[in-house]
Structures are given as structure tokens and as C-alpha cells.
Amino acid sequence: MKTRNKNKAKTRLMDLPIEILIEILKRLPIKSVCCIRCVSKTLSNIVYSPFFVDLHTRFLIPTNSLAGAAPQLVLRHVESYPGSTTRKLTALESLNYDESEGKLTLSEIFSTSQREFYSDVAFVFYDLICFKKAYMDGNCILSNPLCGEVLRVPTSNILYTKFGKDITFFDDSYGMGFDDITSTYKIVRISRIYERPSYSKSYVVAQLLVLGTSSWREIPVHPVIYCAIPWDKSVCAYGDMHWLFVDEGEAKGVHIVSFDFKKEKFYLTPNPVTSRMPYLHLITLGESIAIVDTYFSSMKVEIWVMKNYNKKEWKREYIINHHMLGLDVDFRFHRANCGEMEYGMYFIDEKGENLLFLDLRPSSMKCVACPIGRKKWNGRRRILSLKRSLISLKKFGDLVEEPESGGQSAGADLGGGEIGQLPNLDFFFLVMLY
Amino acid sequence: MSRVFKLKSSDNETFEVEEAAALLSETIKSSSSTEITVPNVKAEILGKVVEWCNKHAESEDTKDQLIKEWDAEFVSVDQHVLFKLITAADYLQIKELVDQLTQRVGDMIKAKTLKTVEMTYPTFNVEREVQEELKSLGF
């Protein structure tokens with residue numbers, strides 16, 4: 001045995017001590033990790049272990065490293081049946097753009113024409129989407145649509161305990177982050193409530209939940225926050241949550257309110273831009289946060305990138321004049337939504353019928369317009385940009401199980417409406433109805 | 001007055017190392033003797049490790065651009081040498097060197113896995129060629 005080892009010319013990676021192997025694997029981007037786990041049983045055991053997932057996440061999230069994992073774009077349609085205010089068609093499709101062929105492919109993740117209870121997106125955290133109910137009651141669910149996992153988020157009693165039962169939710173927003181010191185994921189919630197019957201005063205309350213536990217606790221709210229914050233002006237980066245927020249008070253302007261999940265505190269991040277809220281977007285771009293200023297008055301788009309996260313220093317990295325893009329269509333940037341995609345950004349127009357892909361690589365900077373197709377009925381289309389992660393919702397609690405009944409759908413007693421074609425993720429959307 | 005440490009390779013070659021360079025190794029730091037034998041590590045490899053330590057003892061500031069370039073050159077070696085260097089650096093517990101070397105291996109794996117594989121969900125299939133490529137790395 002010993003002589004054979006001596007004669008071996010090559011040293012194999014698998015001969016290295018396991019701690020070293022883990023040191024190497026933890027630095028790999030998700031895509032590579034997924035490759036590795038298919039190669040051998042030993043590697044699969046290492047990579048699937050909760051210990052490794054924790055280690056990898058702890059390395060990945062605080063450094064905000066994308067490291068080769070392109071965001072997965074997902075298109076969400078919510079369209080109303082003509083003449084009906086309640087019947088809607090909801091669909092979630094994955095959107096893939098083939099650069100070499102210039103082709104856009106959409107593949108359905110699920111669709112339903114039942115009324116969706118958890119219809120509003122609360123936030124997007126890596127590849128997790130949190131949905132909340134349209135009529136707010138503090139219930140939300142966390143889902144991983146790409147692998148069909150759904151988790152009910154524990155409800156909170158704090159508001160009722162504090163104010164009594166006679167309250168109305170005015171708005172409710174959520175954010176999720178990662179504390180790499182305790183290796184825990186947390187959800188922060190900001191609610192604005194009114195006391196019935198007077199409705200004279202509103203209160204803003206912030207709460208925090210550590211995922212995996214079942215109790216929320218109240219935390220101090222930053223004085224500048226007077227109402228809940230829209231999810232689509234938010235971004236998660238470096239494990240913290242950042243929101244664009246309009247201050248109607250004395251210091252008028254747009255702030256960036258951030259939440260540090262380690263210290264469990266809100267703080268303000270400097271905003272370098274003076275444009276008004278509707279024209280600003282907060283996104284991640286590569287390994288940094290960026291502000292996209294679509295301007296109303298000028299024919300240009302500016303992108304500011306946060307070059308130094310610790311010092312919160314911004315730099316205006318791109319100035320894109322509309323005429324430079326060589327577009328045939330008249331794309332109204334100031335009415336578009338945008339987000340990150342591989343090598344750059346996408347813009348989706350107001351109607352949700354046209355997509356613009358902006359490749360920001362210096363060597364191949366270009367812009368490609370792509371129609372998605374007209375909507376059948378009135379409604380909205382939104383794109384969500386998901387970043388792959390190794391997070392499994394299983395570690396936070398029992399996932400919502402697929403209902404036992406095969407024939408009778410759980411949604412039947414809602415009355416009317418067929419359930420659309422159910423792909424393998426039917427249990428996922430059935431949960432959406434409750 | 002700085003001590004001189006003697007590092008002995010598995011094929012009986014001795015390297016003399018100044019205190020500042022030697023103490024980059026946790027193993028040497030916690031050793032009671034100034035003569036340390038490094039088992040399973042040949043002279044060629046031990047020599048390179050000593051070279052790295054000497055370079056890093058000279059300059060305190062590891063953020064220096066020149067050092068970074070030198071480090072990048074240092075780790076651009078054949079994978080067999082790379083793995084042997086890792087084993088040596090691990091035994092000697094030189095954290096910075098282990099980090100640099102493992103990062104390099106990670107980069108090599110990344111390069112081999114990123115281009116050829118399509119990520120499809122929820123199941124994931126690895127192309128045969130990627131498996132072959134990874135095998136060449138010693139998986």
C-alpha cells in the first residue's frame with residue numbers, strides 16, 4: 001500500500017483533508033457547487049450537509065458575491081378576466097434569453113385562474129419570494145418557486161397585544177436578511193395601523209422574526225419611516241435590506257433606508273441622486289448595489305454603483321443617452337421597471353409587453369429590445385430577478401404539504417373558475433389559495 | 001536578535017528560515033523547538049513554502065499591488081504542485097497561504113464548471129464532458 005502511494009505521480013483533490021476540501025468548495029459559486037454534488041456520493045454528502053450550506057451561505061451572502069451565478073428572471077402575470085374584478089389569471093413563468101440566438105423563451109412554472117389569496121409580492125430574497133395577502137392581516141408565505149417549496153411564516157400577535165383588536169392595517173411591508181454572526185435568517189416587518197373607530201392617528205410598528213422560531217419581537221422603527229415601504233423599491237444586498245423611501249416631511253427627498261440584520265437596526269444610507277421617486281430604482285448590479293435614475297426631463301439613464309459598501313460611497317458608473325442605444329421602438333424609460341440580469345440589466349415597459357436587455361460589459365455594451373407579447377386582458381406584468389442560493393426552506397420548519405385529495409381540488413369551495421393546467425408544482429399554487 | 005528556524009523536508013533537506021518568516025506558521029509558532037520536520041513534504045515543495053514566507057515576512061502590507069501580483073504568479077502552478085503546496089501549508093498552518101491556494105483551486109473548478117453546464121431546475125444533470133473535466137482535477 002505504501003509503495004503504491006509513493007509511485008503515484010498525481011495527487012488527487014480527494015486525497016486532501018476534508019477541511020481543505022470544504023475550504024475550496026465554500027468559495028465556489030452556486031452553479032459550480034451544483035456541478036460538484038453530482039460527481040460523487042462523498043461530494044454530494046458534503047455539499048448537501050447543513051453544515052456546508054451554512055458555511056457557503058456565510059461566505060456568499062455578506063460578500064454579496066454573485067460569482068458567476070446569473071440571476072434567473074421570472075415573469076409574473078396578474079390579469080383580470082374582462083368584466084370581472086375578482087377572477088384573475090395568475091401565472092409565473094421563467095424567462096430565458098438566449099443571447100446567441102436573440103431568442104426569448106418563457107416556460108410556465110404555474111398558472112391558475114382561481115382567486116389568489118397570497119397575491120402580493122412582499123419581497124424577493126435570493127431565490128425566495130415572499131407573498132402576502134392582498135387584504136392585509138399579517139399573514140405571509142415564503143416560497144421557492146424554482147423548486148416548489150412553500151413555508152408558512154408564523155403570525156404575530158404583537159400589534160393586537162399593543163393596540164387591542166380594533167385596528168386596521170393600512171400597509172404592511174416585509175424584508176429578509178441574513179445574520180452571518182449567528183448564521184440565522186430573519187424577517188423584518190413594518191406595519192402602519194390605524195385605531196378604529198377614530199382613524200385619527202396612525203402608528204408605525206416594526207417587528208423581527210428569526211426564521212426557524214415562531215415568535216416575533218418588536219424593534220424600534222427609524223424616525224424617518226412613517227409608512228410601509230413598497231417591495232419593488234427594495235433590494236437585498238450583503239445580507240441586509242435596502243429600501244428607497246420618500247420623505248414627505250421636512251427634509252423632502254428620497255432616502256435609502258437600510259436594515260442591518262446583525263445589529264437589528266434601521267439606518268440611512270446616503271442617496272447621491274436628486275431625482276424623484278418614480279424615476280428611481282434600487283437594484284443589485286454584479287456584486288454591488290446600484291441606483292438607476294431614469295430621469296423624466298432628459299433623454300438619458302444614469303446608473304450609480306456603490307463602490308465601497310463599508311464606506312457607503314457611490315460612483316456614477318454609467319451615463320446612457322437614449323439615442324446611443326439605437327432602438328427602433330420608443331421605449332419610455334421613465335415609466336419602466338428594471339432589475340438585474342446576467343451581464344447587465346433588463347427594463348420592462350409599463351404595459352409589460354416589451355423588454356429591453358442592456359449588456360453593460362465594456363467589451364460588448366449593447367441594447368436589445370424584445371417583445372413579450374400582448375396581454376390578453378388588463379393587468380400587470382412584473383419581472384422578479386431571482387439569485388440562486390443553497391437555502392432550503394426545510395430548515396425553518398415544516399413545509400406546506402401537498403394535499404391528500406387527488407380529484408377534488410382544494411379550491412373548489414371558492415366557487416367557480418377552473419384551475420389551470422397544473423404542472424408538477426400544483427401543491428404550490430393550491431397553498432396560494434389559502 | 002532574531003532566531004533562526006530549521007525546517008526539514010521528508011527527503012532530508014534542511015531550510016533555514018528567519019524568525020519573522022517562520023512565525024507565519026502557527027505550527028512553528030506553537031512548537032517548543034526551532035527544528036521542525038515536515039513529514040510527507042519534499043524539498044521542492046517545502047522550498048516554495050519557505051519562499052512564500054520569506055516574501056510575506058518582508059512586507060507587512062499584504063494589500064500592496066506588487067505582493068498581490070507576486071502571489072498570483074506563485075499560485076499559478078501545475079495542479080499537482082498546487083495540491084502538494086496545500087498539504088504543506090495546511091500542516092504548517094499558514095492561513096493566508098492556505099486561503100490563496102484554495103482560492104486558486106476554486107477558480108480552476110469554477111472555470112471548468114461554469115461554461116459547459118446549463119442550470120436547469122429542479123433536477124440537474126451534469127454533462128459527461130464536465131464529469132471528465134472534473135476527473136482530470138482529481139475528483
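This is a predicted model: local features need pLDDT of at least 70, side-chain atom pairs count only at pLDDT 80 or more; totals for chains, interfaces and linings use all residues.
Me: What makes D179(A) a buried residue?

Reply: The relative accessible area of D179(A) is 3%. Buried means under 20%, so D179(A) is called buried. The residue is found in strand β8 (residues 167-179) of chain A.

Me: Why is the pairing of the side chains of D179(A) and T182(A) called a polar contact?

Reply: The two side chains are 3.0 Å apart in this contact. The limit for a pair of N or O atoms is 3.5 Å, with one atom able to donate a hydrogen and the other to accept it; the pair is therefore listed as a polar contact.

Me: Which residues does D179(A) touch, not counting residues up to four places away in sequence?

Reply: D179(A) touches T184(A), K186(A), F261(A) and K262(A). Contact here means heavy atoms within 4.5 Å.

Me: Why is strand β21 (residues 344-348) of chain A described as largely enclosed by the rest of the structure?

Reply: Five of the five residues of β21(A) are buried, so the strand is described as largely enclosed.

Me: How do you know that strand β20 (residues 337-341) of chain A and β21(A) pair?

Reply: Pairing requires at least two bridges. β20(A) and β21(A) have five bridges, in the antiparallel sense, and therefore count as paired. Within this pairing, N337(A) has I348(A) in β21(A) as its bridge partner. The two strands form a hairpin with two residues between them, and Y343(A) in the turn has a positive phi of about 65°.

Me: What makes β21(A) and strand β22 (residues 354-359) of chain A a pair?

Reply: Five bridges join β21(A) to β22(A), and the strands run antiparallel. F347(A) stands opposite L356(A) in β22(A). The hairpin of β21(A) and β22(A) has five residues between the strands, and G352(A) takes a positive phi near 80°.

Me: How is the packing of helix α4 (residues 41-48) and helix α5 (residues 50-60) of chain A described?

Reply: The helices pack at an angle of about 65°, with their axes 5 Å apart. By class, their contact has six nonpolar, no polar and no charged residues.

Me: What makes the residues in this contact of α4(A) with α5(A) nonpolar?

Reply: I46(A), V47(A) and Y48(A) in α4(A) meet P50(A), F52(A) and V53(A) in α5(A). Ile, Val, Tyr, Pro and Phe count as nonpolar, and the contact is therefore classed as six nonpolar residues.

Technical notes
Residues are numbered from 1 along each chain as its sequence is written. Chains are lettered from A and ligands numbered from 1 in the order in which they are written. Side-chain values use heavy atoms; hydrogens and water are left out. Buried means under 20% relative accessible area, exposed over 50%, partly exposed in between (1.4 Å probe, protein chains only). Helices (H or I, at least four residues) and strands (E, at least two) are DSSP runs, numbered from the N terminus. Axes are lines fitted to C-alpha atoms, for helices over the stretch in contact, and angles run from 0 to 180 degrees between N-to-C directions.
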